[in-house]
Amino acid sequence: MTKTKTPNRLINETSPYLLQHAYNPVDWYPWCGEAFEKAQAEDKPVFLSIGYSTCHWCHVMEEESFEAESIAELLNENFIPIKVDKEERPDIDGVYMQVCMSMTGSGGWPLTIIMTPDKKPFFAGTYLPKRTKGRFFGLTELLTTVWQRWREDPSELHSRADEITEAVRDRDRKTGLTPETRNSKPGEHLEDGARLEAGCANAYRIYAKTFDAANGGFGPAPKFPSPHNLLFLLEYHRIYGDAHALHMVEKTLEQMYRGGIFDHIGYGFSRYSTDDRWLAPHFEKMLYDNAMLLMAYTRAYETTGRKLYKDVAEKTAEYVLRELTHPDGGFFCAQDADSEGEEGKFYLFEPGEIIECLGERDGQAFCLMYDITESGNFEGRSIPNLLKTDALSGMERFHAPLREFRQNRYALHKDDKILSAWNGLMIAALARISPHVAKRAASFVEKHLMQGGEIFTSWRDGRRTAQGFLDDYACMAFAMLELYQATSEQEFLQKSVAICKKAVELFFDHENGGFRLSGTKNEQMILDLKEVYDGAMPSGNSVMAYNMVSLSSLFAWDDRETLNKHMNFIGAQAVTHPTGHSFFWLAWLLQNHPPRLFCDINGNCTIQ
């Protein structure tokens with residue numbers, strides 16, 4: 001397993017993920033016309049690998065396979081290998097992840113696709129070991145089999161690729177379209193209020209049914225924070241006075257904070273919990289998770305006045321400002337789960353290390369409070385947590401020296417590219433707790449990632465990437481809207497309106513409703529995706545619904561036809577899959593139940 005001394009084509013890219021692979025012996029191409037032209041000219045299949053720089057299993061597959069000369073030989077001789085950073089190209093990732101989900105019933109990263117030179121897939125999977133292990137088909141065997149079949153009868157693979165592509169296209173064309181919506185007139189309400197009211201109530205009932213009363217959260221492990229679900233329940237409580245909705249939110253927020261998914265030394269939240277108690281996380285920290293959780297804790301404080309939520313919000317903001325902030329104000333993407341090739345190593349402690357840092361008496365007390373034991377609670381070592389104590393705070397004076405001790409112990413990779421969409425979410429989250437910081441970040445995005453009213457996706461080291469996608473526009477419009485709500489400065493309201501109008505111009509489907517992920521200035525893919533499901537992040541379609549409804553309530557949005565058609569488009573799906581559209585339900589609740597008294601995190605209250 002070696003990295004070459006001579007870099008491949010990825011050396012000229014800005015993405016930290018692509019640069020991680022720049023010294024692989026695999027002759028990687030970035031996604032570009034040259035790669036597909038070569039595949040066509042040499043009649044070779046394309047091997048597409050999609051991931052991101054802080055992905056644990058991406059690291060594993062690189063070390064096992066992409067640094068192996070035997071795999072590199074198979075790929076370089078028989079395929080055109082392409083690497084894609086999913087965060088820079090959500091369009092490519094979105095299309096081929098949908099293919100993978102359709103073909104296999106699941107997805108994840110690294111995403112592995114093999115396709116024809118005209119970009120039509122005939123194989124989809126995720127992580128593959130170097131060689132077959134039990135039920136896991138090996139990459140070596142896959143590449144060998146595919147190349148043999150390609151040489152012997154390429155028409156069979158082309159036909160399979162055509163069938164798969166058409167099947168996924170047909171499924172995508174039907175997204176959000178009911179017989180009624182296909183025949184509707186512009187602006188006509190198809191979903192009557194009663195049906196949507198019932199769908200919203202059904203979302204609440206499903207959350208109540210799947211709520212984990214002992215540990216908080218919803219459903220079994222693995223558990224994702226999904227803070228937009230909590231935001232919906234907070235709004236549901238506000239409107240309907242439902243005490244259990246608030247209880248579900250409070251229990252979840254408290255248990256997440258108590259658990260190891262919250263970093264009690266350095267603050268901020270990891271991506272998700274591998275167990276039902278929130279103890280053992282998948283340790284990578286993502287900007288968007290921390291943005292949405294910061295929002296949820298802030299809104300919970302505004303609702304209840306409980307100091308714990310303010311403290312967690314402030315600690316999360318402190319983490320972001322300390323670890324994920326560019327000197328000029330923008331926000332970086334993420335920190336890795338791995339150190340020295342071991343997942344979570346950076347975050348784990350043994351009692352002796354704590355005592356070495358804090359001294360015998362304070363070290364023992366700290367270990368007792370934070371469950372740091374000789375036997376450990378995670379693979380022989382300990383994740384600091386508060387699950388076994390009644391205390392919710394204390395010993396904060398020791399956090400800084402332990403952070404320094406931890407920082408000097410192991411290195412932690414940071415993905416330092418700056419994404420418009422994720423920055424939009426963090427700006428929106430910080431608007432209520434630290435508006436000056438949010439305004440500074442908004443200025444950074446405007447300077448480096450916006451030009452002539454258009455938004456670009458990513459920036460790093462003075463270089464920005466391609467034209468932005470729907471999420472970039474939706475989240476930046478949301479950021480400007482929240483800044484206006486927090487500061488009452490008219491310029492932010494005007495900017496939000498302008499970005500929303502540009503999003504309508506570039507992405508909206510005026511015939512059927514809904515916003516496409518890719519717009520008129522983006523590369524056209526084999527699928528014309530409209531993403532409406534609120535997953536780890538709220539979808540661009542849901543955020544746009546919230547933006548337009550909010551602007552309408554402020555008398556700043558006069559395009560009722562687009563708003564109505566869009567709400568109908570998502571509403572048709574939200575009533576069918578209620579818990580997959582929690583951010584849309586926020587928009588619907590706002591549209592049907594006007595705003596209320598607003599109290600910010602510093603206790604200043606105004607009527608809005």
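Which residues in H17 meet which residues in H18? Keep that question in mind as you open the viewer; the tour reaches the pair below.

**Before you start.** This is a predicted model, in which local features need pLDDT of at least 70 and side-chain atom pairs count only at pLDDT 80 or more, while totals for chains, interfaces and linings use all residues. Residues are numbered from 1 along each chain as its sequence is written, and side-chain values use heavy atoms, with hydrogens and water left out.

**Stop 1: the helix pair.** Select residues 420-430 for helix H17 and 435-449 for helix H18. Helices here are DSSP runs of H or I with at least four residues, strands are runs of E with at least two, and both are numbered from the N terminus. In H17, Ser-420, Asn-423, Ile-427 and Leu-430 meet Pro-435, Val-437, Ala-438, Ala-441, Ala-442, Val-445 and Leu-449 of H18; contact means heavy atoms within 4.5 Å. The two axes come within 8 Å and cross at roughly 160 degrees. Axes are lines fitted to C-alpha atoms, for helices over the stretch in contact, with angles from 0 to 180 degrees between N-to-C directions. That crossing makes H17 roughly antiparallel to H18 (angles over 145 degrees count as such).

**Stop 2: Ile-427 and the cores.** Stay on Ile-427 and show its surroundings. Leaving aside neighbours within four places in sequence, Ile-427 is in contact with Phe-331, Ala-438, Ala-441, Ala-442, Val-445, Met-476, Ala-479 and Leu-483. Ile-427 is also among the residues with the most contacts inside the largest nonpolar core, alongside Tyr-297, Phe-366 and Trp-585. That core has 167 residues, and its largest share, 12 residues, comes from helix H19 (residues 470-487). A nonpolar core is a set of buried Ala, Val, Leu, Ile, Met, Phe, Trp, Tyr and Cys residues joined through side-chain atoms within 4.5 Å. Buried means under 20% relative accessible area, exposed over 50%, and partly exposed in between, with a 1.4 Å probe and protein chains only. Next, select Val-95, Cys-100, Ile-113 and Met-115, which are included in a second, separate core of 29 residues.

**Stop 3: the five-stranded sheet.** Now find the open sheet with the order S1-S3-S2-S4-S5 and mixed pairing; two strands pair if DSSP finds at least two bridges between them. Strand S1 (29-30) and strand S5 (121-125) stand at the edges with a single partner strand each, so one side of each has no neighbour in the sheet. Color S2 (residues 46-51) and S3 (residues 80-85): these strands run parallel and are joined by six bridges. Within that pairing, Leu-48 has Ile-82 in S3 as its bridge partner.

**Stop 4: two single residues.** Pick Asp-118, in the loop between S4 and S5. Asp-118 is partly exposed, at a relative accessible area of 37%. Not counting residues up to four places away in sequence, Asp-118 touches Gln-40 and Ile-526. Then move to Thr-140 in helix H6 (residues 139-152). Is Thr-140 buried or exposed? Thr-140 counts as buried, with 11% relative accessibility. Beyond residues up to four places away in sequence, Thr-140 touches Ile-71, Leu-74, Lys-130 and Arg-131.

**Last stop: the three-stranded sheet.** Finish at the open sheet ordered S8-S9-S12, with antiparallel pairing. Two bridges join S8 to strand S9 (residues 334-335), and Lys-285 stands opposite Gln-335 in S9.

Key
Parallel < 35°, antiparallel > 145°, perpendicular 65-115°, else oblique.
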